[in-house]
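Please walk through this two-chain model with me. Keep the viewer open as you read.

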Amino acid sequence: MELEQVLYQESPMWSALRDFWRLYRKNRLAVWGLAVIAIMVIAAIFAPYLTPYHPEKPDFTALRKPPFWMPGGSLAHPLGTDHLGRDMLTRIIHGGRISLTVGLVVIFFATSVGTILGLISGYYGGRIDAVIQRIVDTLLSFPYLILATALVAVLGPGLQNMLVALAYKEWIYPCRVVRSEVLAAKNKEYVEAAKAAGAGDLHIMFREILPNVFGSVIVVATLRVAWVILMEASLSFLGLGVEPPAPAWGTIISEGRRFINTQWWISTFPGIAVLLTALGINLIGEGLRDALDPRMR
Amino acid sequence: MEPVLEVRDLQKYFPVTRGIRQKTGGMLKAVDGISFDLYRGETLGLVGESGCGKTTAGRTIVRLYEPTGGTVRLHGQDIFSLSEKEMLPVRRQIQMIFQDPYSSLNPRMTVGDTITEALEIHGLAAGRRNERVGELLDMVGLGHEMAGRYPHEFSGGQRQRIGVARALAVEPQVIICDEPVSALDVSIQAQVINLLEELQEKLGLTYLFISHDLAVVRHISHRVAVMYLGKLVEVAPSDQIYDNPLHPYTEALMSAIPIPDPKVESQRQRIILTGDVASPIDLPPGCRFASRCPKVEDRCRQEEPAMVDVGGGHLVACHLVG
């Protein structure tokens, strides 16, 4: 009895969060993923205070310096400098601001829109489902990069236009996944039980069905964050994203391409940053999916 | 005595659609005009083979499916003419227990949340919902401390008890039990059936008990209705229908009940039906059972028999009787 009282004194939100962490912690890799992403996010937020150099100003006294462990390298520029003498670590940290913003903004928008449209599409079916799904089919039939390229070419390069070019199509992935999951969930007897109890459509969609498709939504969202960051890098690489001298990861890789034979570090380090981000987010997604499923307890 | 629930000429047809243009290619007549009354405190068993429309009938009565025709009156009020909003008080009075205890509970909601949901929708027990959930769980023999658990932590029989608690939450008068024990082990079936009987006695509940298990139905039902291809063929008090079935289909059904005594069992005369079940999309004229009936006559293939009362509340729809 005493134990029960102690447990009940804790606010429900805290205990839910603590429960959640206890489950999440079980997946070691997910904790590593979270650590990597947390470091990146913190570094991105505090970038101007963390880096002693300016990310865009050239320094002609320190051109093409190698990383510190190589002959000629020094800890003043731990990851070396590029062809204009800019510190690589500084540029990668600042680049993280752009890449992570693009990834998160696009996915947040796409997941919200896609989930709601998927719910409507799967739950109501019929004509509204046919209309939404034909739009999805149409968008799906265009190659991602080519249409994004065309859009940026029309709208002009820049961060905002790139967000549009990536987001207009991104919502279809959560939409499809949610729709198919809703189709499976809506015929379950617990949905009928809610109907028999007098629950309305909104109640059934958001309280009965949505929690059951949430696992898949999170998996899709995290997989797609990684993908969007790669696309941002690709667009920037092609000169259609953030314009130089701004340090997006893709832009840096693109610039370093010319020097890949002699100064390999210019392209390699931002490439590793992309890889680590994508990997970290995927690991978090896997951990979330497991921790949010009551059957895994 | 006034019936609690009067079902008259209930029909539910499903359109059979084909191709991407969803052209209607006929109607599947799952329930094609059934009528019966439910009296307070009684259990009416609704039996029939798979696909005869018994589940559809149950779901149409609570308007989980929109009816094609007919009326259902609850205390004299026609519930098919009500809007979804006006249905809310009706839904409080008619509840349902589902067949599959594994899909009838939302895996993402705790047992407490599942039961609270119904209370919230109807604005019941405000301010003391946790106590009410505890009471309900105690009532079905689970214990109030189970409220914080998730469905996957329970066995099939326990889950079915949760389903019963959910149905009871809104204090209904009529409960439609849709094969409530057919997914359970035989030993567990008895426990759930006993629970249902206890609750009926304590709360004065009225059950429509849908099942294909004739032994279970005999045990729990006061009256039994036999359904064949969307129609009722025979309705009678439980003992009468088991001891003196009049319709050839009921006779065949009753002869299929195994007897738990090997000596008697080996002597049992079974009526084996031959022929195919008529298609519910393309029904032949005359009696629906004519294609399989061992006693079929010419008249059966032309005229559909009407339900007649042969006395003592024993109704049967067959040309050869009465």
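This is a predicted model: local features need pLDDT of at least 70, side-chain atom pairs count only at pLDDT 80 or more; totals for chains, interfaces and linings use all residues.

Residues are numbered from 1 along each chain as its sequence is written, and chains are lettered from A and ligands numbered from 1 in the order in which they are written.

Start with chain A. Its secondary structure comes to 13 helices and 0 strands. Helices here are DSSP runs of H or I with at least four residues, strands are runs of E with at least two, and both are numbered from the N terminus. The C-alpha trace of chain A spans about 75 × 60 × 25 Å along its principal axes. Of the 297 residues in chain A, 41% are buried. Buried means that 20 or more other C-beta atoms lie within 10 Å of the residue's own; exposed means 12 or fewer, partly exposed is in between, and the C-beta atoms are placed from the backbone. Now take the contacts in chain A with a separation of 6 or more: 70% of them involve residues 24 or more positions apart. Two residues are in contact if their C-beta atoms, placed from the backbone, lie within 7 Å.

Find helix 5 of chain A. This helix has 37 residues and reaches 53 Å from its first C-alpha to its last, close to the 54 Å expected at 1.5 Å a residue. The expected span is 1.5 Å times one less than the number of residues. How much of helix 5 of chain A is buried? The count is 26 of the 37 residues, so the helix is largely enclosed by the rest of the structure. A:Gly125 follows helix 5 of chain A and has a positive phi, near 65°.

Helix 8 of chain A covers residues 159–170. Its 12 residues reach 16 Å from first C-alpha to last, close to the 16 Å expected at 1.5 Å a residue. In this helix, A:Met162, A:Ala165, A:Leu166 and A:Glu170 are buried. They cover an arc of only 120° around the axis, which puts them on the same side of helix 8 of chain A. The arc is that of the directions from the helix axis to the C-beta atoms. What covers these buried residues includes helix 5 (88–124), helix 7 (144–155), helix 9 (172–185) and helix 11 of chain A.

Helix 11 of chain A (residues 201–237) also packs with helix 13 of chain A (residues 265–292), at an angle of about 175° and with axes 8 Å apart. That makes the two helices roughly antiparallel. Axes are lines fitted to C-alpha atoms, for helices over the stretch in contact, and angles run from 0 to 180 degrees between N-to-C directions. Angles under 35 degrees count as roughly parallel, over 145 as roughly antiparallel, 65 to 115 as roughly perpendicular and the rest as oblique. On the helix 11 side of chain A, the residues include A:Phe214, A:Ile218 and A:Leu230. Those of helix 13 of chain A include A:Val274, A:Ile281 and A:Arg289. By class, this contact has 15 nonpolar, 5 polar and 1 charged residues. Ala, Val, Leu, Ile, Met, Phe, Trp, Tyr, Cys and Pro count as nonpolar, Asp, Glu, Lys and Arg as charged, and the others, Gly among them, as polar.

Next comes the contact between the chains. Here 23 residues of chain B are in contact with 16 residues of chain A. On the chain B side, helix 2 (84–93), strand 6 (94–97) and helix 3 (111–121) each supply at least two residues. That side divides into 12 nonpolar, 6 polar and 5 charged residues.

Within chain B, look at B:Arg159 in helix 5 (residues 156–168). B:Arg159 counts as buried because it has 23 C-beta neighbours inside 10 Å. Not counting residues up to four places away in sequence, B:Arg159 touches B:Pro101, B:Tyr102, B:Leu105, B:Pro151 and B:Phe154.

Backbone angles come last. Most residues other than glycine have a negative phi. B:His75 is not a glycine, yet its phi is positive, about 50°. B:His75 lies in the loop between strand 4 (69–74) and strand 5 (77–78) of chain B, and is partly exposed, with 13 C-beta neighbours inside 10 Å. B:Glu179 also has a positive phi, near 45°. B:Glu179 sits in the loop between strand 7 (174–178) and helix 6 (186–203) of chain B, and is buried.
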